[in-house]
Amino acid sequence: EQFIAAHEIGVDGFFSHGQLALLLPHDKFVYRTDKGISLPEGHRFPYQCSPRILEDIRRQILTAARAVGLDQGPFNADVLITRDGKALILEMGGRAGATCIPELISMYLGCDYYEQIIRCALGLPVDFSHKGTCPAMAKLLFTPKAGILTHVNLAFLDGLRRQGTEVSLDYKIGDLLPAVCDGTDRIGQVIMATDQVSKLDETLSQIRGHLKIDGETLEQLWNE
């Protein structure tokens, strides 16, 4: 065994008739619980790297795809980028990524990624041609304390949606929310077109201020 000092990223993409039709490295947001458990909190597109690193990512993905016979459909991989700029694949599967990745790809490319997956499954041609890209990022909503969701300012959330921010909640008023222990404890997600993490975090803070659990705002619970 060997310890490797590296930065972990995600890589999503698409194979069409044996050809690599889409390659999208992206960075990860990681949340660490008070018990030392690390879990994916979100992602951001694109991952900024040199052409040399991008080419090595491409080469490793193609090598892995050939090894497992992946030639049609989406894929998701976890990849280490070492300090000397090498790409090492941790794992790779023939599926779309989770934690808002399909929605982020749709926003980043300006297409419906789910539609392209369905077209591929139906034997129809896929199309990832686009005139440009739009940086996008997302994070999940969690609560540090279990409790009943007692208030949601729907007017505020609708206002954010009209501005282009995608906000969704997995629970309704009166539901019991779980304290965050792993990724399945998510209570919602926030997706927005931006290249500034500070802007996403500010929006998350505002949203938490308009959600109440047992009478306290989610923002207050995180600040306690």
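Biologist: Which strands does helix H3 lie across, and at what angle does H3 run to E1?

Modeller: In this predicted model, helix H3, residues 113-121, lies across E1, E2 and E4. Its direction makes about 50° with E1. Helix H5 (residues 197-208) also packs on the sheet, where it touches E2, E3, E6, E8 and E10. The direction of H5 is at about 30° to that of E6.

Biologist: What is the order of the strands in the open sheet of 8 strands?

Modeller: Strands of a sheet pair through backbone hydrogen bonds, in a parallel or an antiparallel way. Here the order is E5-E4-E1-E2-E3-E6-E10-E8, and the pairing is antiparallel. E5 and E8 (166-169) are the edge strands; each has a single partner, so one side of each lacks a neighbour in the sheet. On average, neighbouring strands of this sheet are turned by 25° against each other, direction ignored.

Biologist: How many bridges join E2 to E3?

Modeller: E2 and strand E3 (residues 38-45) run antiparallel and are joined by 6 bridges.

Biologist: What is the strand order in the open sheet of 4 strands?

Modeller: That order is E9-E7-E11-E12, again with antiparallel pairing. Its edges are E9 (176-177) and E12 (216-217), each with a single partner strand, so one side of each has no neighbour in the sheet. Between E7 (residues 147-152) and E9 there are 2 bridges in the antiparallel sense. Gly147 stands opposite Leu177 of E9.

Biologist: How far apart are the end C-alpha atoms of helix H1, and what span should its residues give?

Modeller: H1 covers residues 51-68, and at 1.5 Å a residue its 18 residues should span 26 Å; the end C-alpha atoms are 26 Å apart, so the two agree. After H1 comes Gly69, with a positive phi near 80°.

Biologist: Which residues of H1 are buried, and what covers them?

Modeller: An α-helix has 3.6 residues a turn, so residues three or four places apart point the same way. In H1 the buried residues are Ile53, Asp56, Ile57, Ile61, Ala64 and Ala65. Their cover includes strands E1 (6-16), E2 (19-32), E4 (73-82) and E5 (87-93).

Biologist: Why does Gln60 count as partly exposed?

Modeller: Buried means under 20% relative accessible area. Gln60, in helix H1, has 21% relative accessibility and therefore counts as partly exposed. Not counting residues up to four places away in sequence, Gln60 touches Ala87 and Ile89. Its C-alpha atom is separated by 14 Å from that of Thr82, which is 22 residues away along the chain.

Biologist: Is Asn76 buried or exposed?

Modeller: Asn76, in strand E4, has a relative accessible area of 10%, so Asn76 is buried. Leaving aside neighbours within four places in sequence, its contacts include Val11, Asp12, Glu91, Met92 and Ile101.

Biologist: Which residues touch the most other members of the largest nonpolar core?

Modeller: Of its 23 residues, these are Leu22, Leu24, Phe45, Leu104, Ile105 and Leu109. The elements giving two or more residues to this core are E2, E3, H2 (101-109), H3 and E6. H2 supplies the largest share, 6 residues. Beyond four places in sequence, Phe45 is in contact with residues including Leu24, Pro25, Leu104, Ile105 and Tyr108. Another core, of 19 residues, lies apart from it, with Met137, Leu141, Leu149 and Leu160 among them.

Methods. Residues numbered from 1 in each chain as written. Predicted model: local features only at pLDDT ≥ 70, side-chain atom pairs only at ≥ 80, totals over all residues. Heavy atoms only, no water. Expected span 1.5 Å × (residues − 1). Buried < 20%, exposed > 50% of the residue type's maximum accessible area, 1.4 Å probe, protein only. Contact = heavy atoms within 4.5 Å. Pairing = 2+ DSSP bridges. Axes fitted to C-alpha atoms, helices over the stretch in contact; angles between N-to-C directions. Core = buried A, V, L, I, M, F, W, Y, C linked by side-chain atoms within 4.5 Å.
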